[in-house]
Amino acid sequence: MKAGKTTHFVIRKARPEDFSQLMELETGSFSCERLSPRRMHHWLEAPNGILLVAVAADATRHVLGYCLAFTRSDSTVARAYSLAISPAARGKGLGRLLMEGMAKASKRKGCTAVRLEVAKNNTIAITLYEKLNYSTYMSLPEYYEDGQDAWRMQKPLN
Ligand SMILES: CC(C)(COP(=O)(O)OP(=O)(O)OC[C@H]1O[C@@H](n2cnc3c(N)ncnc32)[C@H](O)[C@@H]1OP(=O)(O)O)[C@@H](O)C(=O)NCCC(=O)NCCS
């Protein structure tokens with residue numbers, strides 16, 4: 001696959017050997033609410049997890065970004081939990097493709113919608129989600145550990 005802008009990469013399911021690079025992405029992208037190593041290990045194995053990576057298509061096979069969602073047996077709404085692209089790979093369409101891949105995987109698991117939360121000051125992510133047809137339907141004051149407010153957004157999987 002070729003991203004709309006320049007970098008060649010592939011989107012695939014995350015594998016156990018991606019763990020170290022996933023943790024590097026996590027610590028480089030978020031100052032709070034980070035996934036712990038234990039939780040990352042969990043989501044690499046969990047049957048209800050959807051953990052996708054964007055990997056450089058060159059010999060380095062470097063992990064450039066990831067998206068994590070999960071499903072629950074008592075709900076048809078998948079929860080998109082995290083999305084991060086390495087700073088050097090941003091703006092090349094990887095975030096969009098990972099979110100699209102995650103939505104398709106959620107639909108294959110029988111989900112009818114995807115829900116997510118995003119900090120109100122994260123205008124880049126909000127713009128991306130709006131372009132992918134997510135709609136804001138709830139305000140969540142002081143949702144994050146650092147006191148940031150969030151929007152809850154949802155998209156139907158028609
Ligand atoms: C938010 C994030 C995942 C976007 O990933 P990305 O791969 O850079 O995004 P894409 O290249 O797929 O861009 C998709 C859309 O996002 C918006 N966007 C991306 N970068 C942007 C920028 N620097 N300024 C403004 N809008 C931007 C654009 O609307 C873009 O659509 P376009 O290509 O049609 O213009 C990435 O910036 C990131 O990892 N940020 C840090 C972690 C984070 O905030 N994660 C989200 C938590 S909810």
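**Exercise 1.** Which residue in β4 does Gly-65 stand opposite?

*Solution.* Start with the ground rules: this is a predicted model, where local features need pLDDT of at least 70, side-chain atom pairs count only at pLDDT 80 or more, and totals for chains, interfaces and linings use all residues. Residues are numbered from 1 along each chain as its sequence is written, and side-chain values use heavy atoms, leaving out hydrogens and water.

Now find Gly-65: it stands opposite Ile-85 in β4. Strands here are DSSP runs (E, at least two residues), and helices are runs of H or I with at least four, numbered from the N terminus. Next, see how β3 (residues 63–70) runs antiparallel to β4 over six bridges; pairing requires at least two DSSP bridges. A hairpin of six residues joins β3 to β4.

**Exercise 2.** Why is strand β4 described as largely enclosed by the rest of the structure?

*Solution.* Count its buried residues (under 20% relative accessible area with a 1.4 Å probe, protein chains only; exposed is over 50%, partly exposed in between). Seven of the nine residues in 77–85 are buried, so the strand is largely enclosed.

**Exercise 3.** Which residues form salt bridges with Glu-117?

*Solution.* Look for a side-chain nitrogen of Lys or Arg within 4 Å of a carboxyl oxygen of Asp or Glu. Arg-79 meets Glu-117 at 3.0 Å, N to O. This pair links β4 to β5 across 38 residues. Then turn to Arg-152, whose side chain reaches Glu-117 at 2.7 Å. Here β7 (residues 150–156) is linked to β5, with the partners 35 residues apart. Finally, check accessibility: Glu-117 is buried at 11%, and Arg-152 is buried at 15%.
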